[in-house]
Amino acid sequence: MNIRLNGETRQFDGVQTLAELVAELGLDGRRLAIEHNGEIVPRGERESRRLADGDRVEIVHAIGGGTP
Amino acid sequence: MAETASAIADPDDVLIVAGRRYGSRLLVGTGKYRDLTQTGEAIAAAGAEIVTVAIRRTNIGQDPDEPNLLDVVDPARFTILPNTAGCFTAEDAVRTCRLARELLDGHNLVKLEVLGDPKTLYPDMPATLAAAETLVADGFEVMVYCNDDPIAARRLEEIGCVAVMPLAAPIGSGLGIQNKYNILSIVENAGVPVLVDAGVGTASDAAVAMELGCDGVLMNTAIAEAKNPVLMASAMRHAVIAGRQAYLAGRMPRRRHASASSPLTDLPF
């Protein structure tokens, strides 16, 4: 299955849900926010959010910044 | 009996933003530092309690043990102020705030900025007003970066922003307060805290902002790009306190001519 992840198309096999994608990326336990096809998915709904071929996923975190 | 500075300072003179009380009136950004250790040391030296962060794409494939900003800036100790730096449209700014709210477990306080162009980084005020309306309606507490225009500041307050943050000079320019009279007008008209955001270059700039009656100052580059950022953070902390105390104390009137400090009578000659 191809996922458009943070602007890049990547292939994931055996990944069904958003929670599995996060685990596959080694990002479990990190403080993240995720958008799935433009919609923010609350942390508690990652397990139940199923992915389909061609979906867009954005994963963001906090970094240093003040004014640009 | 000599009074100490701490005895003179009024403990009730605190910054109140969105109902929360802060002893420090210096807010700092976390960009441009050498590393996270220096970031943490500068925040500590500044004595800041409100700390801005940016929201960006996670670098996929990064070292999972790489230190995270929120390890240094613990959300349990600091008020994290996600900002929309880098957003050039109202839509992107609103989206960034919503991602930040998810990231920070429902935290509603955000710093809104919608920029007009990459050269000046001047705020796009029509887009800023539109984004502020959307965010306030969506339950956010919005601290808003704006130009030094008293009318724009008033409109943002009317929309329901919890603080207005006019620029002193362009972001990262370090030019200091370019239009003191506009900042003064904004302060005089405002019913919400006014914080100078952007353009401070050195400690005296921060003191001037506070002497004008601003409620606080937010800065990043002035500290991070100093030769010794941690020492500059300490200087800024003192400058903000000094400026605040000078404002509260009320300065002497300006005179065109001299006024002797020593009596001019009973001279021994």
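Student: Where in chain A is A:Asn6?

Tutor: In this predicted model, A:Asn6 sits in the loop between strand 1 (2-5) and strand 2 (8-11) of chain A.

Student: Why is A:Asn6 called buried?

Tutor: Buried means under 20% relative accessible area. A:Asn6 has 10% relative accessibility, so A:Asn6 counts as buried.

Student: What makes the phi of A:Asn6 worth a remark?

Tutor: The phi of A:Asn6 is positive, about 50 degrees, although A:Asn6 is not a glycine. Most residues other than glycine have a negative phi.

Student: Which loop holds B:Leu121, and what is its phi?

Tutor: B:Leu121 lies in the loop between strand 6 (109-112) and helix 5 (125-137) of chain B. B:Leu121 is not a glycine either, and has a positive phi of about 50 degrees.

Student: How do you know whether B:Leu121 is buried or exposed?

Tutor: The cut-off for buried is under 20% relative accessible area, and for exposed over 50%. B:Leu121 comes to 17% relative accessibility, and therefore counts as buried.

Student: Why is A:Leu25 called buried?

Tutor: The relative accessible area of A:Leu25 is 14%. Buried requires under 20%, so A:Leu25 is buried. A:Leu25 belongs to the loop between helix 1 (18-24) and strand 3 (33-36) of chain A.

Student: What does A:Leu25 touch, not counting residues up to four places away in sequence?

Tutor: A:Leu25 touches A:Leu5, A:Arg10, A:Phe12 and A:Ile59, and also B:Ile60 of chain B.

Student: Why does B:Thr52 count as buried?

Tutor: With the cut-off at under 20%, the relative accessible area of 0% means B:Thr52 is buried. B:Thr52 is part of strand 4 (residues 50-57) of chain B.

Student: What makes the pair of B:Thr52 and A:Gly65 a polar contact?

Tutor: A polar atom of the B:Thr52 side chain and the backbone oxygen of A:Gly65 are 2.9 Å apart. The limit for a polar contact is 3.5 Å.

Student: Which residues are in contact with B:Thr52, leaving aside neighbours within four places in sequence?

Tutor: From chain A, A:Gly65 and A:Gly66 are in contact with B:Thr52. From chain B, the contacts are B:Val28, B:Gly29, B:Thr30, B:Leu81, B:Asn83 and B:Leu218.

Student: What pattern does chain A follow along the sequence?

Tutor: The pattern is β-β-α-β-β-β, which comes to 1 helix and 5 strands.

Student: Why is chain A called as compact as a globular protein of that length?

Tutor: For 68 residues the globule rule gives 11 Å, and the radius of gyration of chain A is 12 Å, close to that value, so chain A is as compact as a globular protein of that length. Along the principal axes, the C-alpha trace of chain A spans about 40 × 25 × 20 Å. Of the residues of chain A, 47% count as buried.

Student: How do you know that the radius of gyration of chain B agrees with that of a compact globule?

Tutor: A compact globule of 269 residues would have a radius of gyration near 18 Å; chain B has 20 Å, which agrees. The C-alpha atoms of chain B fill a box of roughly 85 × 40 × 35 Å along the principal axes. Chain B has 10 helices and 10 strands, and 49% of its residues count as buried.

Methods
Residues numbered from 1 in each chain as written. Chains lettered and ligands numbered in written order. Predicted model: local features only at pLDDT ≥ 70, side-chain atom pairs only at ≥ 80, totals over all residues. Heavy atoms only, no water. Helix = DSSP H or I, 4+ residues; strand = E, 2+ residues; numbered from the N terminus. Buried < 20%, exposed > 50% of the residue type's maximum accessible area, 1.4 Å probe, protein only. Polar contact = N/O pair within 3.5 Å; in protein donor to acceptor, adjacent residues only side chain to side chain. Contact = heavy atoms within 4.5 Å. Rg over C-alpha atoms; globule rule 2.2 N^0.38 Å.
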